[in-house]
Each structure stands twice: as C-alpha cells, then as structure tokens.
Amino acid sequence: MSIETVDAVVVGMGPGGEDVATRLATAGLAVVGVEGRLVGGECPYYACVPTKMMVRAAGALAEGRRIGALAGSAQVRPDWRPVAERIRDEATDNWDDTAAVERFEKAGGRFVRGWGRITAPGEVTVTTADGPRVFHAKRAIVLNPGTAPAIPSLEGLAGTPYWTNREAVTTTTVPESLIVLGGGPVGMEFAQIFARFGADVAMIVPHRVLPREEPEAADLIAEVFAREGITIHTGAEATRVEHDGGHFTVRLRDGEPLRAEQLLVSTGRRTDLAALGVGAIGLDESARGIEVDDHLRAADGVWAIGDITGHGAFTHMSMYQARIAANDILGDTSESARYHAVPRVTFTDPEVGAVGLTESQARDAGLHVRTGTTDAAASTRGWIHKAGNEGLIKLVEDADRGVLVGATSVGPVGGEVLSALSVAVHAEVPTRTLRRMIYAYPTFHRAIEAALNDLG
C-alpha cells in the first residue's frame with residue numbers, strides 16, 4: 001500500500017470538484033483529484049450538456065410543426081440518429097474523459113482513478129484497480145461526490161432494464177412508448193423530448209409536476225404537455241413493476257395499469273455518505289447531506305461542495321461553492337456563500353426559470369408577501385410569437401422591505417428572461433427602482449413591467 005503526503009485531496013471531480021482542484025493546483029499546491037467515474041461528473045456526460053442537445057433537437061421538431069400556423073406548410077419526420085451521434089461525438093467523446101483529465105494535469109494537478117474514502121482525520125484512502133493508495137492531506141480535503149439516481153424500493157423493479165437519466169442519454173433509439181416515473185425537472189424534460197420524437201409518453205406523478213416550483217408554472221406546463229399528447233397521472237402511486245422481456249407494466253394503487261416499451265425512473269438523487277467515510281471526521285453518515293458553514297467548511301480541514309451541501313443540485317451551485325472553498329483554503333476569506341438568489345431552469349418548452357423563494361416559501365419564512373403575475377403569452381411579444389408562446393411572470397415581494405425575494409419566468413426563453421429577475425433578487429433592488437426602469441419593446445422580458453404593476 002502506497003502512502004503519500006500532499007497538500008490537498010479532492011474527492012469527486014464533478015464540475016465543482018474539478019474547478020476547486022484546478023484552482024488549488026494553479027496556486028501551486030500539490031493536489032490529488034480522485035474520481036471513480038468520469039472527470040466532469042454527471043453534467044457533461046449524462047445531464048446538462050447532452051440533455052440540452054436533446055431539448056434543442058426536440059424544440060426544432062416542435063418549431064417545424066408550428067410552421068402551419070405561421071408561415072405555410074412543412075412535413076416533419078423525426079430522426080434520433082443525428083441526436084445520438086451529436087451526443088456521442090460532440091458532447092461526451094463517447095463517454096471518454098481523457099481531455100478532462102489532461103486539462104487538470106496540465107494545470108498541475110495529479111489524477112487518481114478510484115473511489116476515495118476518509119479513513120482518518122486528514123487521510124483519504126483511494127480504492128484503485130491496482131490496490132489501495134493512502135494520501136495524507138496537509139491543508140485540505142474537499143468532498144464533491146455528487147449524486148446518483150435514487151431508485152425506489154418498488155416491487156418488481158430490481159433486475160428489469162429500466163432507464164435512469166444515464167440510459168436515456170445514451171440510447172440510440174426512441175422507444176415506441178415510455179412511462180416516466182416522477183414529475184421533477186429531469187422527468188419532465190425527458191418526457192417532452194421523447195414525446196416530440198414520436199414516443200407515446202405517460203407520466204406517474206405522486207403529487208403534481210414540478211413540485212418545487214410555483215403552482216401556476218406547474219399548471220401551465222401540465223396544460224402544454226396535455227396538448228402535446230403526454231398523459232400525466234397526478235396523485236398516482238406505482239405499486240409494482242413487471243417486465244415480460246419486451247414491455248413494462250406498472251401497476252397503480254388506484255387506476256388501470258400502464259404498459260410501455262420502456263420505463264424511465266426519475267425519482268430524485270441520493271448520496272452515500274457512509275461510502276465517503278465521513279464518520280471518521282465526526283459527521284453523521286446516515287444524514288441526507290453535509291452541513292457546511294458560509295465558507296463551505298464541514299469539519300477541521302474538510303470542505304464540502306455541490307449536491308451534498310443541500311443548497312441545490314445544480315452545476316452552477318457547485319461552481320459557485322468551488323470558488324469560495326478554494327479561496328478559503330488559500331487564505332482568502334473575503335467572500336461568503338449566500339443562497340437567497342439561487343437560480344434554476346427546467347428546460348421544457350416553455351422553459352421554467354425561477355430564482356429565490358416561491359410564494360409559499362416566503363410565507364413560511366414569515367414574510368409580509370405581495371405577489372404580481374402576468375400572462376407572458378398575452379404580452380405584445382407573446383402575441384407576435386403566436387404558436388408556442390405560452391408563459392407567465394410571477395414576482396414575490398417582501399412588502400416590508402420593498403424588494404423581490406423570488407420570481408418565476410415561464411416562456412419560450414424563460415431561462416434567459418430570468419437573468420434580469422436574478423439580478424433584482426440577488427442585489428435586492430427596490431421594486432420602486434424596477435418600476436422606473438425602461439423595458440425594451442417588444443420583448444418577452446417586458447412582461448416583468450406588467451407583473452410589477454400587478455404587485456399593486
């Protein structure tokens with residue numbers, strides 16, 4: 001067993017882990033980056049990047065089908081082959097992280113392929129194909145393990161060829177029919193993608209779609225999905241899964257069973273803290289995540305970033321935290337993490353962008369809440385856009401302070417319109433200042449002005 005002393009060990013080289021490791025290596029520290037899967041994490045290989053290629057392709061099909069309402073006629077024939085090829089060749093290098101590893105090593109870091117575990121304070125043991133390697137970290141251990149799909153303990157599910165996001169991204173064919181288990185952002189995006197490529201899609205949603213977003217946004221998306229032929233079974237509970245070699249059957253507690261060629265399980269994400277060995281530094285291995293301070297410190301000499309900190313399973317969150325953690329390790333404590341204006345986007349069509357608190361969260365926090373809402377489809381730009389113009393803007397104001405604490409932007413470019421609202425929430429711009437702005441005409445973002453007027 002080899003034993004070596006270094007300055008820092010980064011366990012988990014997802015976007016944030018790669019970033020913090022690179023920052024430390026560039027600063028001259030002896031840094032070891034540890035990853036058992038692919039350097040870059042879920043985002044470039046199974047999530048953000050390839051799925052948005054899929055969204056773009058599905059959106060092109062939808063636009064082609066709207067030509068009849070706007071510009072004449074067109075015949076649209078979906079073909080998954082160029083999508084699969086683009087994901088393989090342009091996004092993932094056929095799920096090969098050689099370029100990412102080389103990028104990190106050129107920055108001065110050292111990469112070890114394996115699974116890291118804290119085995120004592122300041123000590124990480126990495127299980128590799130060639131046996132265990134032990135690293136003593138003089139200055140820092142950074143934990144960025146990311147998450148894996150959470151698979152429910154559903155009778156009959158184990159052993160069947162169900163999909164998670166990983167299998168859905170790597171598929172080279174579109175199933176004739178698909179059941180999506182779950183109604184969060186991932187499930188919603190895949191449901192619309194495959195439906196637009198010709199699959200007959202049904203969703204099993206225990207409560208409502210997009211449960212963490214404003215109900216107005218969820219209702220709008222559900223209406224769009226219904227018009228596109230996607231069946232959503234809300235309030236439904238799956239009790240058993242069967243697979244006969246060619247098709248899945250999902251039995252429900254109330255209602256007729258559903259049958260489809262493929263089943264996509266999209267019921268959340270999980271982290272195995274016990275596998276990280278955090279008990280060795282006094283942390284609870286049975287917890288859902290790791291509590292950190294505003295400099296991402298989890299314990300003496302240990303920092304944690306990304307999904308496990310519980311502040312949002314987003315690439316942008318991990319990268320934000322990486323900068324703060326790296327600076328703290330290097331002795332710069334000038335920036336502290338703040339989470340009052342975390343942005344998020346679900347890349348359905350229309351897109352659902354949101355930042356900060358929902359109305360319900362704001363009321364639960366004891367704020368004196370005022371809201372303003374406008375129908376973006378009824379705005380001048382929405383009227384001009386015509387086909388595929390569904391959308392809304394909802395603002396959540398702390399009336400006592402006169403600032404926005406949350407906002408939702410749904411529309412054809414909802415995620416882009418969100419940028420103005422993110423600045424407003426982050427910088428706590430007074431709503432009276434926002435009312436006095438000049439909003440370009442005719443744009444989708446001009447609907448913000450109408451929503452401000454609706455605040456009263």
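Residues are numbered from 1 along each chain as its sequence is written, and side-chain values use heavy atoms, with hydrogens and water left out. Because the model is predicted, local features need pLDDT of at least 70 and side-chain atom pairs count only at pLDDT 80 or more, while totals for chains, interfaces and linings use all residues.

D349 lies in the loop between strand 18 (343-346) and strand 19 (351-356); strands are DSSP runs of E with at least two residues, and helices are runs of H or I with at least four, numbered from the N terminus. D349 is buried, at a relative accessible area of 16% (buried means under 20%, exposed over 50%, partly exposed in between, with a 1.4 Å probe and protein chains only). Its neighbours, leaving aside residues up to four places away in sequence, are A62, R66, Q192, R196, V224 and E228 (contact means heavy atoms within 4.5 Å).

| Partner side chain | Distance to D349 side chain |
|---|---|
| R66 | 3.0 Å |
| R196 | 2.9 Å |

Strand 18 and strand 19 form a hairpin with four residues between them. They pair antiparallel over four bridges (pairing requires at least two DSSP bridges), and P343 faces V355. Strand 19 also runs antiparallel to strand 22 (residues 403-411), joined by six bridges. Six of the six residues in strand 19 are buried.

In helix 3 (residues 48-65), V49, P50, M53, M54 and A57 meet V83, R86, I87, E90 and A91 of helix 5.

Note on methods. Polar contact = N/O pair within 3.5 Å; in protein donor to acceptor, adjacent residues only side chain to side chain.
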